[in-house]
Amino acid sequence: MLRILLSGACGRMGRQVAALAGDEQAQIVAGVDVHPENGAAFPVYPSFSLVEEEADVIVDFSRPEGLGALLQYALAHRLPTVLAATGYNESDLRAIADAAKEIPVFRSANMSLGVHVLRTLARQAARLLPDFDIEIVEKHHNQKLDAPSGTALMLLDAVSGPDTLPVFGRNGRTQKREKREIGVHAVRGGTVPGEHEVGFYGPAEVVTLSHSAQDRSIFARGALRAARFLEGQAPGEYSMDDLAAAMIAKK
Ligand SMILES: NC(=O)c1ccc[n+]([C@@H]2O[C@H](COP(=O)([O-])OP(=O)(O)OC[C@H]3O[C@@H](n4cnc5c(N)ncnc54)[C@H](O)[C@@H]3O)[C@@H](O)[C@H]2O)c1
């Protein structure tokens with residue numbers, strides 16, 4: 001049984017991870033959440049400094065604001081860490097890279113294997129269709145804080161070239177689209193768990209690649225797989241590319 005310390009344990013994603021851990025031969029030994037709630041089958045602490053249980057790996061679905069305390073704990077206890085929160089800034093990313101010199105750190109703005117396939121195909125399509133205009137559209141529920149989504153930024157990165165000019169929405173623009181532009185657009189409403197579309201618009205044809213999450217369990221399952229993958233890995237930064245490569249190598 002893989003023993004997990006779950007950060008953001010009382011949030012929407014934290015609860016999903018807790019509900020599905022058993023399916024992936026894992027057990028949540030404790031949780032950390034700035035707003036701990038009763039009802040979990042494991043103790044939930046308001047800060048890492050109070051955790052007493054021993055774990056094999058940390059899984060984090062909290063917020064970037066908690067990164068400092070989380071990495072401090074992970075480094076002190078030499079714990080592999082899966083970072084699934086989104087919205088990290090440049091200084092967060094530097095702190096993650098520094099920590100990864102000492103412990104294995106897995107990070108992905110989208111833990112779904114389906115989205116990983118979308119990203120791989122979008123990257124290939126961008127290479128094969130260099131003259132097509134690319135536009136990315138994402139849709140999420142009305143509680144989401146960050147926009148555009150971390151996944152949209154990940155897709156933007158996958159289809160960008162050296163001259164790409166990202167354009168986030170076109171409000172107020174009074175000029176024609178430049179060839180090197182990639183538009184990124186965010187829709188917010190209702191309870192949509194997450195939809196992403198990468199459109200390639202050519203002279204007389206359109207190719208659309210899309211992924212639709214039907215519920216949040218796909219992210220939780222991916223994070224649990226990532227946690228298992230990290231067991232026994234050397235220090236370093238790992239991503240869905242590494243998890244997918246390990247899965248293909250096993251087949
Ligand atoms: N990587 C992925 O595949 C993926 C998928 C879905 C959501 N997310 C990201 O995961 C994060 C959580 O999403 P959610 O929908 O569960 O949000 P949520 O608001 O429902 O849950 C976040 C939880 O974290 C807690 N929290 C906030 N700051 C904290 C801190 N400093 N330390 C510990 N706990 C803290 C909150 O009290 C809350 O219970 C977001 O960043 C979201 O964008 C990532």
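Author: Let's look at the place where two domains meet: nine residues of domain 1 are in contact with ten residues of domain 2, contact meaning C-beta atoms, placed from the backbone, within 7 Å. On the side of domain 1 that touches domain 2, the residues divide into four nonpolar, four polar and one charged (Ala, Val, Leu, Ile, Met, Phe, Trp, Tyr, Cys and Pro count as nonpolar, Asp, Glu, Lys and Arg as charged, the others as polar). Two elements give two or more residues to this side of domain 1, namely helix 6 (217–230) and helix 7 (240–250).

The model is predicted: local features need pLDDT of at least 70 and side-chain atom pairs 80 or more, while totals for chains, interfaces and linings use all residues. Residues are numbered from 1 along each chain as its sequence is written.

Now let's step back to see the two partners. Domain 1 takes in residues 2–111 and 216–250, whereas domain 2 covers 113–212, with bounds from an automatic or database domain assignment. Taken over C-alpha atoms, the centres of domain 1 and domain 2 are separated by 27 Å.

One sheet to find on your screen is an open one of seven strands, in the order 3-2-1-4-5-6-12, with parallel pairing. Strands (E, at least two residues) and helices (H or I, at least four) are DSSP runs numbered from the N terminus, and two strands pair if DSSP finds at least two bridges between them. Strand 3 (44–45) and strand 12 (236–238) stand at the edges of this sheet, and each has a single partner strand, so one side of each is left without a neighbour in the sheet. Further in, strand 1 (residues 2–7) and strand 2 (residues 26–32) run parallel and are joined by six bridges. If you follow that pairing, you will find Ser7 opposite Val32 of strand 2. Helix 1 lies across strand 1, strand 2 and strand 4 (57–60), and runs at about 165° to strand 1 (angles, from 0 to 180 degrees, are between N-to-C directions of lines fitted to C-alpha atoms, for helices over the stretch in contact).

A second open sheet has five strands, ordered 8-9-7-10-11, and its pairing is mixed. Its edges are strand 8 (165–168) and strand 11 (206–212), each pairing on one side only. On average, neighbouring strands here are turned by 15° against each other, direction ignored.

With strand 10 (residues 195–201), strand 7 pairs in the antiparallel sense over seven bridges. Within that pair, Ile134 has Phe200 as its bridge partner, and Glu135 stands opposite Gly199. Strand 7 and strand 9, by contrast, run parallel, joined by seven bridges; there Glu138 is partnered by Ala186.

Two helices lie against this sheet. Helix 4 (residues 113–128) lies across strand 7, strand 10 and strand 11, at about 165° to strand 11. Helix 5 (residues 150–159) lies across strand 7, strand 8, strand 9 (181–188) and strand 10, at about 165° to strand 7.
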